[in-house]
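This report looks at how the parts of one protein chain pack against each other. Please keep the sequence and the structure at hand while reading.

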Amino acid sequence: MKDARSPITANYAPELDQSPELNPELASYYQSLIGILRWVVEMGQIDICVEVSMLSSHVALLREGHIQQGFHIFAFLKLLRM
């Protein structure tokens, strides 16, 4: 994910994600990532607000694509810091 030039992959729709469901351990990890990203938004990184909200609204049925997009947001934030 070195080429994370936007907060989320182009044309990604979390509500349409059909990738495999996350196991309970990864689901808990995903929820922690979303918590961190929400905190980052609260600290002023508002350019990821919509994407974080999109991903956080899908915590009932988490899929691998959702966690990959969470990682993509972190890669985007890292690219901003360079």
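## Aromatic pairing

Rings of Phe, Tyr and Trp, the last taken by its six-membered ring, are counted here as a pair if their centres lie within 6.5 Å, and planes under 30 degrees apart count as stacked, over 60 as edge-to-face and the rest as tilted. In this model, which is a predicted one, the count under that rule comes to one aromatic pair. The pair is formed by Tyr 29 and Phe 71, whose ring centres lie 6.3 Å apart with 50° between the planes, and it is therefore classed as tilted.

Because Tyr 29 belongs to helix 1 (residues 24-42) and Phe 71 to helix 3, the pair ties together parts of the chain that are 42 residues apart in sequence. Tyr 29 is partly exposed, with a relative accessible area of 42%, and Phe 71 is likewise partly exposed, with a value of 29%.

## The buried side of helix 2

Helix 2, which spans residues 49-56, has Glu 51, Val 52, Leu 55 and Ser 56 as buried residues. These residues cover an arc of only 130° around the axis, so they are found on the same side of helix 2. What covers the buried residues of helix 2 includes helix 1 and helix 3.

## The nonpolar core

The largest nonpolar core of the model has 20 residues, and those with the most contacts inside this core are Tyr 30, Leu 37, Ile 48, Ile 73 and Leu 77. Helix 1, helix 2 and helix 3 are the elements that give two or more residues to this core, and the largest share, seven residues, comes from helix 1.

For Ile 73, leaving aside residues up to four places away in sequence, the contacts are with Pro 7, Leu 37, Ile 48, Glu 51, Val 52 and Leu 55. Among these partners, Glu 51, Val 52 and Leu 55 are also buried residues of helix 2.

The side chain of Gln 69 reaches the backbone nitrogen of Thr 9 at 3.0 Å. Not counting residues up to four places away in sequence, Gln 69 touches Pro 7, Ile 8, Thr 9, Tyr 12 and Leu 55. Of these, Pro 7 and Leu 55 are also touched by Ile 73.

Note on methods:
Residues are numbered from 1 along each chain as its sequence is written. This is a predicted model: local features need pLDDT of at least 70, side-chain atom pairs count only at pLDDT 80 or more; totals for chains, interfaces and linings use all residues. Side-chain values use heavy atoms; hydrogens and water are left out. A polar contact is a pair of N or O atoms within 3.5 Å; within protein, one must be able to donate a hydrogen and the other to accept it, and residues adjacent in sequence count only if both atoms are side-chain atoms. Contact means heavy atoms within 4.5 Å. Helices (H or I, at least four residues) and strands (E, at least two) are DSSP runs, numbered from the N terminus. Buried means under 20% relative accessible area, exposed over 50%, partly exposed in between (1.4 Å probe, protein chains only). The arc is that of the directions from the helix axis to the C-beta atoms. A nonpolar core is a set of buried Ala, Val, Leu, Ile, Met, Phe, Trp, Tyr and Cys residues joined through side-chain atoms within 4.5 Å.
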